[in-house]
Amino acid sequence: MPFLTTPLAVVATLLFQAPAEDRVMHTPAPDSRRPAHGTYDDHGFERPMRFPDTADGSMVLTVDLHTHSVFSDGHVWPTIRVEEADRDGLDALAFTDHLEHQPKQADIPHPDRNRAFEVATQVAGSKKIGGVMLINGAEISRGMPPGHVNAVFLQDANKLLTDDAENAVDAANDQGAFVFWNHPNWLPQAPDGVAKILPFHKQLIRTGKLHGVEVANGTLDAYSEDALAIALEYNLTVLGTSDIHGLVDWTHNAAHGGHRPLTLVMSQERTPAALKQALFDGKTTAWINDDLIGKAENVEPVVRACLSLQPKAYLPKSSVLEVSLINRCPLAFTIENKGERTFHNVSDVVRVERYDETKLQVRMNDEQRVLALDLVVLNTQVRPREHLRTMLSVDIAGIERP
């Protein structure tokens, strides 16, 4: 008899997973307000990252405000960055090559720090890639303080090439740029891995010259709870970025279930001006792996746009109601039930996969009008080591009870 070499958990998944044709993908419906992205063959994987609108009608835009190309220390031509973003279904992509760090000068000595953005814009036009808003930016790369700082929505990145870091930040603000502090937990500048705000940063915040901070960074593959604490204390916009240098597919397995870290921006419109205003207004949530990070007032609308309850029917001769917990977003959720309504078929901790649903059997007892679940969303951080607590409810008065 041959030995069983496949792990039992994998065998169970193979045996009991519903056939592909029987599974429903709960992807958001097409939206006429969003230009179409290109069509690519990703072997059946639903790669584009799309989020439903929030309850107040805000669009949830997927945005990457920190990327690199060969025009600094990145490994790809800007053309690749544009196509990657189109494949990922991004709403906006910023080019933020280092101003000072130019390790390829022997081969790419171009003096214009706007060049990556110009090349990207040209290729997007020639290939008719209209689904991604392209943003000109730059990374001010200095020792601490201030460390590394990104400026996006620039007219001319060359004007930031100054000897003094504060003058560079001033030049960005003179152009109306959105300016944020990059990876404050980066080990070369924070050897203990703890993000610490310094007087120089506080002065920039007081004078309105520093507007946001990265709490999640893809190159570090890390979330910084200390950066989140700084964002909350100083009312800075919360950001998640890829800081991508290599290929998104190689770094984040983007074609097979992974994704680059991003910022989700709640915007009134899908325009550069509306996006910029939403960033200044702090209407953001950082997304890394399956974690949503940010102020509770921003995380909760995104979660409630993603998750909903759909009542099915009572089990025969019982007060147990079968309900689908539906996830319309491109990340999995892990929730913990904290309410008086308990589950008949599973424990209080439940996972629902991306664009998928999980069946719940809820003991309703005497309640016949409304199903309300008091939930802690375990894959969120709204304060350091604190998860979002929210309610999901649905009207069940029309469900016939045995």
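Tutor: This is a predicted model.

Student: What is the order of the three strands in their open sheet?
Tutor: The order is 12-13-16, with antiparallel pairing.

Student: Why is one side of strand 12 and of strand 16 left without a neighbour in the sheet?
Tutor: Strand 12 (307-314) and strand 16 (357-363) each have a single partner strand, so they stand at the edges. On average, neighbouring strands of this sheet are turned by 30° against each other, direction ignored.

Student: How do you know that strand 13 and strand 16 pair?
Tutor: Pairing takes at least two bridges. Seven bridges join strand 13 (residues 320-327) to strand 16, therefore the two count as paired. Leu325, for one, stands opposite Thr358 in strand 16.

Student: Which strands form the other open sheet?
Tutor: Four strands do, in the order 15-14-17-19, again with antiparallel pairing. Its edge strands are strand 15 (349-352) and strand 19 (388-395), each pairing on one side only.

Student: What makes strand 14 and strand 15 a pair?
Tutor: Four bridges join strand 14 (residues 333-337) to strand 15, and at least two are needed, so they pair. Here Ile335 stands opposite Val350.

Student: Why is Asp88 called buried?
Tutor: Asp88, in helix 2 (residues 78-88), has a relative accessible area of 2%. Buried means under 20%, so the word applies to Asp88. Among the residues that Asp88 touches are Arg47, Val248 and Arg260.

Methods:
Residues are numbered from 1 along each chain as its sequence is written. This is a predicted model: local features need pLDDT of at least 70, side-chain atom pairs count only at pLDDT 80 or more; totals for chains, interfaces and linings use all residues. Side-chain values use heavy atoms; hydrogens and water are left out. Axes are lines fitted to C-alpha atoms, for helices over the stretch in contact, and angles run from 0 to 180 degrees between N-to-C directions. Buried means under 20% relative accessible area, exposed over 50%, partly exposed in between (1.4 Å probe, protein chains only). Contact means heavy atoms within 4.5 Å. Lists of a residue's contacts leave out its neighbours within four places in sequence.
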